[in-house]
Amino acid sequence: MPVEITWWGHATCTITDSNIRALTDPLFARRLAHLRRRRGALPPHDAWRADVALVSHLHADHLHVPSLARLAPGTRLLVPRGAPRAVPALRRLTHLRLTEMAPGDATRVAGLTVRAVPARHDGRRLPIGPHRCPALGYVIEGEARTYFAGDTGLFDTMAAEVGPVDVALLPVGGWGPYLGHGHLDPALAAEALARLAPRSAVPVHFGTYWPIGMDAVRPHEFHAPGDEFVRLAARRAPQVAVHLLRHGERVRPEVAR
C-alpha cells in the first residue's frame with residue numbers, strides 16, 4: 001500500500017505506511033483551555049487507531065493526556081526524553097508502551113523505523129515547567145520517508161539533520177493572532193520546503209483552534225496560512241507537489257520507487 005496521509009486538524013495526522021499507522025500529536029478535543037475548535041469536525045473514532053503515536057513536545061496542544069488516554073491498549077507511544085518526569089500524568093497511561101526519545105534516537109515499530117530529529121521550539125510544559133525536554137521532529141521510514149516537523153522554527157542544519165525525505169508535514173501557522181519564536185509561518189515553511197526538497201508536502205498546524213472571544217482579531221492568521229503556503233511554495237520549491245487538505249481528507253503522495 002502506498003503511503004497515505006490523513007490530516008485531522010492542528011498537528012494531528014495519521015501516516016499509514018507498510019500497513020502500519022503512525023498518529024502524530026493526537027488532539028481529539030473540542031476545547032482546550034482558552035482554545036476552541038473552530039473548523040473541522042472532531043476526528044472519528046477510527047482516528048484513534050494507531051500502532052504508534054508520536055509526541056513532538058510537551059505543550060498541551062501537542063501532548064494532550066486525555067487524547068493519549070483514549071488510544072488502544074498496547075499502542076506504542078514515543079515522547080521526548082524526560083517527558084514522564086515533566087508531565088507526571090503520562091505515568092498513569094500504563095496501557096501504552098512508552099518510549100522516550102532524543103534527537104538521533106531511532107526505534108523500530110513493526111515494519112517502520114522512527115527516527116527523532118531536532119526541532120527549534122520551546123520544549124517546556126507551559127506555562128511553567130522546571131524540566132526541559134527536547135522538542136522533536138520525527139522521520140518515519142518504511143516504503144517512504146515522511147518527515148513530521150512537530151513545531152519548529154527554521155534552522156541552518158534542518159536539511160542535514162532531517163536527511164532526504166519523500167514527504168514533509170510542515171507547520172505553517174498556529175492557534176492565535178501572533179506566532180512566537182520557534183514557529184514556521186507560510187514564508188518560513190516555504191523556505192524550509194526549498195531546503196528539504198521532498199517530493200510532496202502537506203501543510204498542518206493551522207486553521208483549527210483559535211482563542212475564545214478573539215474571532216475578529218487578525219482572522220487572516222487563522223484562515224490564510226494554508227493557501228499562502230501553497231502560493232509561496234510554488235515560488236520557492238516549484239518541484240514539490242503540495243497537498244492542501246481539508247480536515248479529515250487524505251492523500252497518497254508520490255514517493256520515490
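For the classes used on this tour, Ala, Val, Leu, Ile, Met, Phe, Trp, Tyr, Cys and Pro count as nonpolar, Asp, Glu, Lys and Arg as charged, and the others, Gly among them, as polar. The model is predicted, so that local features need pLDDT of at least 70 and side-chain atom pairs count only at pLDDT 80 or more, while totals for chains, interfaces and linings use all residues. Residues are numbered from 1 along each chain as its sequence is written, and side-chain values use heavy atoms, with hydrogens and water left out.

Select His34, Leu35, His59, Asp61 and Trp175, which lie nearest the centre of the largest pocket among its 18 lining residues. A pocket here is an open set of points on a 1 Å grid over the protein atoms alone, where a 1.4 Å probe fits, with protein on both sides within 12 Å along at least five of seven lines, and lining residues have an atom within 4 Å of a point. The largest pocket has a volume of about 350 Å³, and its lining has eight nonpolar, eight polar and two charged residues.

Next, select the lining of the second largest pocket, which includes Trp7, Arg39, Phe206, Asp227 and His247; its volume is about 170 Å³, and its lining divides into four nonpolar, three polar and three charged residues.

Finally, select Leu193, which is among the residues with the most contacts inside the largest nonpolar core, a set of 52 residues. Such a core joins buried (under 20% relative accessible area, 1.4 Å probe, protein chains only) Ala, Val, Leu, Ile, Met, Phe, Trp, Tyr and Cys residues through side-chain atoms within 4.5 Å.

How values were computed: Buried < 20%, exposed > 50% of the residue type's maximum accessible area, 1.4 Å probe, protein only. Points joined across faces, edges and corners; volume = space filled by probe spheres on them.
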